[in-house]
2 protein chains.
Amino acid sequence: MTIIQLIVDAHGCEGPLNDAATLLARMEAAARAAGAQTVGQAQARYVPHGVTAIVFLAESHILISTWPEYRLALVDILLCNPRMDPEGVWDRLARTLRPAGEVRIRRSERQVGATPE
Amino acid sequence: MTIIQLIVDAHGCEGPLNDAATLLARMEAAARAAGAQTVGQAQARYVPHGVTAIVFLAESHILISTWPEYRLALVDILLCNPRMDPEGVWDRLARTLRPAGEVRIRRSERQVGATPE
C-alpha cells in the first residue's frame, strides 16, 4: 500500500508560530476533520523561541516545526489510511499558520505493508 | 539555508520494532554521535503493536514509526545544522532496526531561513 507523506515548507507565516498549545489544538482539529483519531501529542519548546509539535494519530502523525524568527513552519503530514486526505489537513493548518510567503509542498510516497517488489 | 530531511522506508526489519524504549535510546545515541543535542522525547504505542517514537533535538528531530506486522520502519531524520550528517544517523539506526529487505532512502530538501527567491 502506498501512502503519501505531505511535506510542506511554509514561509512568511503570520500565525502563532510560538504557541504550541494552539498549534496542537489546530492539528488535532485538522486530524479529526480528516477522519483521523488522535492518540497522543507532544511538544518541544526552543529558546528563545520556536516549537516542534506532534500529534500522534491512530493513522500516523502530524508534525510542525517552527522558526518564528524566519516566520517559517515545516510541516509533515502522514496518514496511513489512503482514504484520508493529507491535503485537506494542510488546508486547515494553513488557516492557522497563514503563510504569506512561498509554500512549497511535496508528496513523498511511502510503502506500508508487505515488502514492495 | 537548505537542509536535508532523510526519509527512509526500511523493510524486513529484524530489530526491536515494538520496543519504544530501546528505539528512543538508540535514536538519542545516534543523535549524540552526529553532534546533536536531545531536548526531549515522546512516543505513542499502538494496539496490538507498533510504535511511533520521536526524539526532539536542538537541531530538529528524529522520528521512527513501526509496523511490526510488516517488519517495517518508517524513519525521518531532520537536522537543521547542515554540518551534521543525517546519513550517519541512519547508518547507526540501521544497526538497531536491521532491515533485511528493501531500504528506500530519499533526501528531501527543506528551506530554513529567509524566504527563498
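User: Which residues does B:Gln5 touch, not counting residues up to four places away in sequence?
Analyst: In this predicted model, B:Gln5 is found in strand β1 of chain B, residues 2-10. Its contacts reach into both chains: from chain A they are A:Gln5 and A:Asp76. From chain B, leaving out residues up to four places away in sequence, they are B:Asp76, B:Ile77, B:Leu78, B:Arg106, B:Arg107, B:Ser108 and B:Arg110.

User: Is B:Gln5 buried or exposed?
Analyst: The relative accessible area of B:Gln5 is 0%. Buried means under 20%, so B:Gln5 counts as buried.

User: Which side chains make polar contacts with the side chain of B:Gln5?
Analyst: One partner lies in chain A: the side chain of A:Asp76, at 3.1 Å. Another lies in chain B, where a polar contact of 2.5 Å joins B:Gln5 to the side chain of B:Arg110. The names asked for are A:Asp76 and B:Arg110.

User: Where is B:Arg98 found, and what does B:Arg98 touch?
Analyst: B:Arg98 sits in the loop between α2 (86-97) and β6 (103-111) of chain B. Setting aside residues up to four places away in sequence, B:Arg98 touches B:Gly12, B:Cys13, B:Glu14 and B:Gly15.

User: How far apart in space are B:Arg98 and B:Ser108?
Analyst: Along the sequence, B:Arg98 and B:Ser108 are ten residues apart. B:Ser108 is also among the residues that B:Gln5 touches. From C-alpha to C-alpha, the distance between B:Arg98 and B:Ser108 is 23 Å.

User: Which element gives the largest share of the lining of the largest pocket?
Analyst: The largest pocket holds about 280 Å³ of space. Its lining has 19 residues, with A:Tyr46, A:His49, A:Trp67, A:Glu69 and B:Ala58 nearest the centre. Two elements of chain A give two or more residues to this lining, β3 (51-57) and β4 (60-67). The largest share, three residues, comes from β4(A).

User: How do the residues lining the second largest pocket divide by class?
Analyst: The second largest pocket, of about 230 Å³, is lined by 14 residues. Nearest its centre lie A:Ala58, B:Tyr46, B:His49, B:Trp67 and B:Glu69, and β4(B) gives the most to the lining, with three residues. By class, the lining has seven nonpolar, six polar and one charged.

Terms used. Residues numbered from 1 in each chain as written. Chains lettered and ligands numbered in written order. Predicted model: local features only at pLDDT ≥ 70, side-chain atom pairs only at ≥ 80, totals over all residues. Heavy atoms only, no water. 1 Å grid on protein atoms, 1.4 Å probe; cavity = no way out; pocket = protein on both sides within 12 Å on 5 of 7 lines; lining within 4 Å. Points joined across faces, edges and corners; volume = space filled by probe spheres on them. Helix = DSSP H or I, 4+ residues; strand = E, 2+ residues; numbered from the N terminus. Nonpolar A, V, L, I, M, F, W, Y, C, P; charged D, E, K, R; others polar. Buried < 20%, exposed > 50% of the residue type's maximum accessible area, 1.4 Å probe, protein only. Polar contact = N/O pair within 3.5 Å; in protein donor to acceptor, adjacent residues only side chain to side chain. Contact = heavy atoms within 4.5 Å.
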